[in-house]
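Please find below a short note on the coordinates under review.

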Amino acid sequence: MEVTALCITLLMNVLMLLVAQVPFSYSQKAAFPQVVPNRQQFFQYETIVVSCEGLEGLTGWRVMRKNKGVVKICAATWSTSTGPCEIKDTFTEVDSGEYWCEIGGLQTSNTVNITVTAGSVILESPVLPVMVGDAVTLSCRDEQASSNLTADFYKDGHFMERSSTGEMTIHNVSRSNEGLYKCRISGAGGSPESWLTVRAHPIISPVAADGPQLLLLLCIGVGVFLVFLLLLVGSMRCRRRPTITRDTPTSPSTLRSSSSPRTVCEETSMIYSVITKPQREEGNELDTETHRL
């Protein structure tokens with residue numbers, strides 16, 4: 001029974017760890033760095049806020065960034081680095097790079113690219129991936145102009161179209177629309193390139209649709225069933241067996257079975273052998289006494 005108890009203890013520990021990981025795993029699927037304003041390119045000296053969408057319910061996450069191969073926290077000091085990262089007066093050589101979220105030194109989100117330019121033209125494209133079948137609008141913006149100007153749009157270095165409004169809308173996005181985009185305004189210059197990511201809509205299962213509560217109930221149900229199964233197997237290892245007891249001196253028989261057999265576990269049961277001295281026959285005793293006389 002000690003082995004069964006140990007198995008149950010280990011199973012419960014594993015179940016508790018699994019349940020503890022359910023909310024985190026579910027949040028991790030939705031985690032993605034959120035950038036405000038929602039674009040990949042910024043003019044120099046603008047303010048950017050980067051936070052960790054989907055991890056707001058957890059504590060201790062940090063925004064990390066990689067610039068020219070150097071990884072560091074997106075904050076002035078490590079002690080104040082938890083929570084959203086606000087970058088004031090961005091600078092092209094320092095704040096351009098990759099950004100992501102981490103907890104306990106482990107990356108828990110996808111990576112987004114932020115470009116800070118010293119030029120006067122930027123391409124406004126979304127930070128998060130565009131879903132297949134959706135529509136996305138790309139805007140070409142001039143820092144010096146208050147209204148949109150005629151702009152040319154390029155994909156992977158190839159001209160796409162000219163827009164008098166400074167905007168280009170891609171309807172019914174497909175995977176073929178994924179690539180590097182930039183724009184150019186006559187007399188103002190061109191923008192840096194930014195990668196547009198296209199992804200298929202995720203298949204939402206009933207478990208994912210109902211959220212972590214259903215996953216939690218499922219884990220608890222499986223754990224209870226396994227504990228019951230272990231208890232059943234442990235009880236089957238013990239069976240009923242009659243015990244053998246010694247007779248009292250006044251009993252006419254040498255051995256007898258207990259009238260109410262006890263349940264004895266095979267692991268703790270012991271077998272006793274009883275040896276009795278055979279009695280001499282009464283006739284032999286009388287012959288011996290007669291011979292003596």
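1. The model is predicted. The protein chain has 293 residues, and 31% of them are buried. Its secondary structure comprises five helices and 23 strands.

2. Contacts and surface may be taken together. For contacts between residues at least 6 apart in sequence, 59% link residues that are at least 24 apart. The accessible surface of the protein chain amounts to about 19,100 Å², and carbon and sulfur atoms account for 57% of that surface.

3. Is strand S4 mostly covered or mostly open? Strand S4, residues 61–67, is mostly covered, since six of its seven residues are classed as buried, that is, under 20% relative accessible area.

4. Strand S4 pairs with strand S7, residues 97–103, in the antiparallel sense, and six bridges make up this pairing. Within this pairing, Met-64 lies opposite Trp-100 of S7.

5. Strand S4 is also antiparallel to strand S5, residues 70–73, with four bridges between them. Here Asn-67 faces Val-70 of S5. S4 and S5 form a hairpin with two residues between the strands. In this hairpin, Lys-68 adopts a positive phi near 55°.

6. A further element is an open sheet of three strands, ordered S10-S12-S15 and paired in the antiparallel sense. Why is one side of S10 and of S15 left without a neighbour in the sheet? Strand S10 (121–124) and strand S15 (167–170) are at the edges, and each has a single partner strand, so one side of each lacks a neighbour in this sheet. On average, neighbouring strands of the sheet are turned by 15° against each other, with direction ignored.

7. The pairing of S12 with S15 can be described at residue level. Strand S12, residues 136–142, is joined to S15 by four bridges, and the two strands run antiparallel. Val-136 has Ile-170 in S15 as its bridge partner.

8. Which residues form the nonpolar patch on the surface? The patch consists of Leu-218, Val-222, Phe-225, Leu-226, Phe-228, Leu-229 and Leu-232, and together they have about 640 Å² of accessible area.

9. Phe-228 belongs to helix H4, which spans residues 212–236. Phe-228 has a relative accessible area of 54% and is therefore exposed, the threshold for that class being over 50%.

How values were computed. Residues are numbered from 1 along each chain as its sequence is written. This is a predicted model: local features need pLDDT of at least 70, side-chain atom pairs count only at pLDDT 80 or more; totals for chains, interfaces and linings use all residues. Side-chain values use heavy atoms; hydrogens and water are left out. Patches are made of residues with over 30% relative accessible area and no salt bridge: like charges are joined within 9 Å, nonpolar side chains (Val, Leu, Ile, Met, Phe, Trp, Tyr) within 5 Å. Accessible areas come from the Shrake-Rupley method with a 1.4 Å probe; for residues, only the protein chains shown count as cover. A salt bridge is a side-chain nitrogen of Lys or Arg within 4 Å of a carboxyl oxygen of Asp or Glu. Buried means under 20% relative accessible area, exposed over 50%, partly exposed in between (1.4 Å probe, protein chains only). Two strands pair if DSSP finds at least two bridges between them. Axes are lines fitted to C-alpha atoms, for helices over the stretch in contact, and angles run from 0 to 180 degrees between N-to-C directions. Contact means heavy atoms within 4.5 Å.
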